[in-house]
Amino acid sequence: MRDADVPTAEFRGFDHPDPARTFIETREYPVVVKADGLAAGKGVIVCKTKQEALAAVERIMVKEEFGRTAGRQVVIEKRLDGEELSVLALVAGRTIIPLAPTQDHKRAFDNDEGPNTGGMGAYCPAPLGTPAILNEIEAHALVPTVHALKRKRTPFRGVLYAGVMVTNQGPRILEYNCRFGDPELQPVLMRLKTDLFELLLATAEDRLSEFEDKLEWDPRSAVCVVMASAGYPGNYPKGKLITGLEDAAQLPNVKVFHAGTKLDGGHVMTDGGRVLGVTALGETLAEAKKNAYDAVAKINFAGAHYRRDIADKALKGMTKHE
C-alpha cells in the first residue's frame, strides 16, 4: 500500500516484542495490533488504551495465542474511527470489476461488543457504499494497487478484497485479502445473477473484460446471519446435533451455507466455531433481515449463539435519512 500510495493508517511492523512495546509507549493515539500471519480472521486486536495494546503484543508474540507463525511479526497501526465496508473485486490484466459492497460484523456480540471473530454476519448492498465512495476506493486503492503489482512484474489475477474504513477524511484501506470474504460473500452471491463459474473462468483466462458493465444483480437486499458454537471465538465444543435445516430450507428466498459442519451417520453435526451462514433475500433490507432470522429460529443445536442486530446499523441510518 505504501508503494502504491494507497490511503491507509500510519503503521510499523515489528519482529520482536521489545521495540513493539516501545513504539506503543511513545504513541499519543490508540492503536490496533495485528498478527502478521494467518489467524483465522481473529488476529486483529483493536485497543483503547496502551495497556490493552501491550497485552495484545504479549498475547500474539509471547504467548503465541494465534500460532507460532502468525506471532512472529506484528503490525501496529493507528486506530481509525469510522464504519467498515468490504469491497470484493475481480481482477485480471487491466480489468477490475468490483462486486456489490457489503458490511461485515466482526465482533462476537450485539452492539459490536466482545472479541473480534472471523465475522458474525453481513448484508448487501451496504448503503454506506455509495457510488461516490466506491469510485474513490476504485480510483485511489484498487487501480493503483493493481498497477503497482504489474510494475513489479507480478501481475495479479483473482479476487482482490479490500477491507475499508470509511472515515471523516474519506475511505482508508485496512487490509487486502486475495480471496473471497466469509460471511460477506454469501449475501453477494444471493444477489449475483451472473454465472459465478463463468466469471471465475474468465478471470483465470484473462478474459474478464468480456463482463465489464455486464454483471446482473437481483435488485433485492440480502442478509447473512452466522450461527456459531458456544464459546466461539474462544474454545468451543464440537459434535452437537443440528436440527431444523429442512424446515429452514422450505422458506422462500433462504439459503443455509454450511461452514463448520460434518455428516455423521446421516446426521448433520457441528464441527467448527462458525457453524452456519443463514442467508435470505428480501424486497427491503428490513425484510431480508426478518427472513434470515425467521430461518435462524427454525435451526437448533446445543449452545448456538448469534448476533441479533445484523444490518441494524444500516436500518437505523435509513431511518435517520428519511
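1. Secondary structure and overall form. In this predicted model, the protein contains eight helices and 17 strands. The radius of gyration is 20 Å, close to the 20 Å that the globule rule gives for 322 residues, so the protein is as compact as a globular protein of that length. Along the principal axes, the C-alpha atoms occupy a box of roughly 55 × 45 × 45 Å.

2. Contacts and burial. Of the contacts between residues at least 6 apart in sequence, 69% link residues at least 24 apart. Buried residues account for 48% of the 322 residues.

3. Surface and charge. The accessible surface amounts to about 16,200 Å², and carbon and sulfur atoms contribute 49% of this area. The protein carries 42 positive and 44 negative charges, whose mean positions lie 3 Å apart.

4. In soluble globular proteins, nonpolar side chains tend to be buried together. The largest nonpolar core here comprises 46 residues, and Val223, Leu276 and Ile299 have the most contacts inside it.

5. Surroundings of isoleucine 299. Beyond its neighbours within four places in sequence, isoleucine 299 is in contact with Met227, Ile242, Thr243, Gly244, Leu245, Ala248, Val256, Leu276 and Val278. One of these partners, Leu276, is itself named among the residues with the most contacts inside the largest core.

6. Histidine 105. This residue is placed in the loop between β7 (103–104) and β8 (107–109). Is histidine 105 buried or exposed? Its relative accessibility is 3%, below the 20% limit, and histidine 105 therefore counts as buried.

7. Leucine 160. Strand β11 (residues 158–167) holds leucine 160, which counts as buried because its relative accessibility is 3%. With residues up to four places away in sequence set aside, leucine 160 touches Val87, Leu88, Ala89, Val91, Leu142, Thr145, Val146, Tyr176 and Asn177. How far apart in space are leucine 160 and isoleucine 97, C-alpha to C-alpha? The distance is 9.8 Å, although the two residues are 63 residues apart in sequence.

Notes:
Residues are numbered from 1 along each chain as its sequence is written. This is a predicted model: local features need pLDDT of at least 70, side-chain atom pairs count only at pLDDT 80 or more; totals for chains, interfaces and linings use all residues. Side-chain values use heavy atoms; hydrogens and water are left out. Helices (H or I, at least four residues) and strands (E, at least two) are DSSP runs, numbered from the N terminus. The radius of gyration is taken over C-alpha atoms; the globule rule is 2.2 Å times the number of residues to the power 0.38. Buried means under 20% relative accessible area, exposed over 50%, partly exposed in between (1.4 Å probe, protein chains only). Contact means heavy atoms within 4.5 Å. Accessible areas come from the Shrake-Rupley method with a 1.4 Å probe; for residues, only the protein chains shown count as cover. Lys and Arg count as positive and Asp and Glu as negative; His and the chain ends are not counted. The place of a charge is taken as NZ of Lys, CZ of Arg, CG of Asp or CD of Glu. A nonpolar core is a set of buried Ala, Val, Leu, Ile, Met, Phe, Trp, Tyr and Cys residues joined through side-chain atoms within 4.5 Å.
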